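This report walks through selected local features of one protein chain. Please keep the sequence and the 3D view open while reading.

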Amino acid sequence: MAGTTTNISIRMDADLKAQADALFAELGMNLSTAFNIFVRQSLREGRIPFDIALNQPNKETIAAMLEAERIAHDPSVKHYTDVEEALRELKR
(Lines give C-alpha, C1' and ligand atoms only; values in the text may rest on other atoms or scores of the structure.)
Protein backbone atom coordinates (compact mmCIF):
# COMPACT_ATOMS: atom_id res chain seq x y z
CA MET A 1 0.00 0.00 0.00
CA ALA A 2 3.01 2.26 0.03
CA GLY A 3 2.93 4.87 -2.66
CA THR A 4 2.21 8.48 -3.25
CA THR A 5 0.29 10.46 -0.71
CA THR A 6 -2.46 12.97 -1.19
CA ASN A 7 -3.77 15.80 0.91
CA ILE A 8 -7.34 15.92 2.18
CA SER A 9 -9.17 18.69 3.96
CA ILE A 10 -11.52 18.01 6.86
CA ARG A 11 -13.67 20.64 8.52
CA MET A 12 -13.85 20.24 12.28
CA ASP A 13 -14.85 22.35 15.26
CA ALA A 14 -11.73 24.12 16.56
CA ASP A 15 -12.23 22.95 20.16
CA LEU A 16 -12.76 19.37 19.00
CA LYS A 17 -9.55 19.52 16.97
CA ALA A 18 -7.60 20.90 19.93
CA GLN A 19 -8.88 18.08 22.14
CA ALA A 20 -8.02 15.49 19.47
CA ASP A 21 -4.54 16.98 18.97
CA ALA A 22 -3.89 16.77 22.72
CA LEU A 23 -5.14 13.17 22.96
CA PHE A 24 -3.19 11.94 19.96
CA ALA A 25 -0.04 13.75 21.13
CA GLU A 26 -0.33 11.80 24.40
CA LEU A 27 -0.51 8.65 22.27
CA GLY A 28 2.59 9.71 20.34
CA MET A 29 0.94 10.65 17.07
CA ASN A 30 -0.67 13.53 15.26
CA LEU A 31 -4.16 13.89 13.82
CA SER A 32 -3.01 12.76 10.37
CA THR A 33 -1.57 9.52 11.75
CA ALA A 34 -4.70 8.89 13.83
CA PHE A 35 -6.91 9.43 10.78
CA ASN A 36 -4.76 7.04 8.72
CA ILE A 37 -5.07 4.42 11.46
CA PHE A 38 -8.85 4.87 11.42
CA VAL A 39 -9.04 4.51 7.63
CA ARG A 40 -6.76 1.45 7.56
CA GLN A 41 -8.76 -0.26 10.29
CA SER A 42 -12.01 0.58 8.48
CA LEU A 43 -10.67 -1.02 5.31
CA ARG A 44 -9.37 -4.04 7.23
CA GLU A 45 -12.78 -4.64 8.85
CA GLY A 46 -14.90 -3.45 5.94
CA ARG A 47 -16.86 -1.17 8.25
CA ILE A 48 -16.54 1.67 10.73
CA PRO A 49 -14.32 0.01 13.38
CA PHE A 50 -16.61 0.89 16.29
CA ASP A 51 -20.32 0.92 16.98
CA ILE A 52 -22.27 4.01 16.04
CA ALA A 53 -25.64 4.11 17.73
CA LEU A 54 -28.20 6.43 19.18
CA ASN A 55 -28.50 6.13 22.92
CA GLN A 56 -32.14 5.11 22.81
CA PRO A 57 -33.70 3.48 25.84
CA ASN A 58 -35.04 -0.06 25.50
CA LYS A 59 -38.73 -0.94 25.97
CA GLU A 60 -38.33 -1.70 29.67
CA THR A 61 -36.67 1.66 30.32
CA ILE A 62 -39.31 3.50 28.30
CA ALA A 63 -42.04 1.76 30.31
CA ALA A 64 -40.33 2.76 33.58
CA MET A 65 -40.01 6.36 32.40
CA LEU A 66 -43.70 6.48 31.46
CA GLU A 67 -44.65 5.00 34.84
CA ALA A 68 -42.51 7.58 36.66
CA GLU A 69 -44.15 10.36 34.64
CA ARG A 70 -47.62 9.01 35.48
CA ILE A 71 -46.77 8.74 39.19
CA ALA A 72 -45.30 12.25 39.24
CA HIS A 73 -48.57 13.70 37.93
CA ASP A 74 -50.98 11.48 39.89
CA PRO A 75 -52.57 13.54 42.70
CA SER A 76 -53.50 10.37 44.62
CA VAL A 77 -49.84 9.37 45.01
CA LYS A 78 -48.13 10.61 48.17
CA HIS A 79 -45.43 13.19 47.41
CA TYR A 80 -42.56 14.18 49.70
CA THR A 81 -40.89 17.54 50.05
CA ASP A 82 -37.45 16.09 50.84
CA VAL A 83 -35.55 12.85 51.27
CA GLU A 84 -35.73 12.92 55.07
CA GLU A 85 -39.52 13.00 54.94
CA ALA A 86 -39.57 10.01 52.58
CA LEU A 87 -37.14 8.09 54.84
CA ARG A 88 -39.27 8.81 57.93
CA GLU A 89 -42.27 7.45 56.04
CA LEU A 90 -40.35 4.30 55.10
CA LYS A 91 -39.37 3.66 58.74
CA ARG A 92 -43.02 3.61 59.86
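The model is predicted. Met 12 lies in the segment before helix H1, which covers residues 14–26. The relative accessibility of Met 12 is 37%, so this residue counts as partly exposed.

Met 12 belongs to a nonpolar patch on the surface, together with Ile 8, Ile 10, Leu 16 and Phe 35. The accessible area of these residues together is about 470 Å².

Asp 21 and Lys 17 form a salt bridge, and their closest N and O atoms are 2.6 Å apart. Both residues are in helix H1; because they are 4 residues apart there, about one helical turn separates them. An α-helix has 3.6 residues a turn, so residues three or four places apart point the same way.

## Helix H2 and its ends

Helix H2 runs over residues 31–45. From first C-alpha to last, the 15 residues of H2 reach 21 Å, close to the 21 Å expected at 1.5 Å a residue. At the start of H2, the backbone nitrogen of Ser 32 has a side-chain oxygen of Asn 30 within 3.2 Å. After H2 comes Gly 46, with a positive phi near 70 degrees.

Ser 42 is also part of H2. With 15% relative accessibility, Ser 42 falls under the 20% cut-off and therefore counts as buried. Leaving aside residues up to four places away in sequence, Ser 42 touches Arg 47, Ile 48 and Pro 49.

Arg 47 has a relative accessible area of 44% and is partly exposed, and Glu 45 is partly exposed at 33% relative accessibility.

A further salt bridge joins the side chains of Glu 85 and Lys 78, with an N to O distance of 3.6 Å. Lys 78 counts as partly exposed because its relative accessibility is 49%, and the cut-off for exposed is over 50%.

Key: Residues numbered from 1 in each chain as written. Predicted model: local features only at pLDDT ≥ 70, side-chain atom pairs only at ≥ 80, totals over all residues. Heavy atoms only, no water. Helix = DSSP H or I, 4+ residues; strand = E, 2+ residues; numbered from the N terminus. Buried < 20%, exposed > 50% of the residue type's maximum accessible area, 1.4 Å probe, protein only. Contact = heavy atoms within 4.5 Å. Patch = residues over 30% accessible without salt bridge, like charges linked within 9 Å, V, L, I, M, F, W, Y side chains within 5 Å. Areas by Shrake-Rupley, 256 points an atom, 1.4 Å probe, with all protein chains shown as cover. Salt bridge = Lys/Arg side-chain N within 4 Å of Asp/Glu carboxyl O. Expected span 1.5 Å × (residues − 1). Polar contact = N/O pair within 3.5 Å; in protein donor to acceptor, adjacent residues only side chain to side chain.
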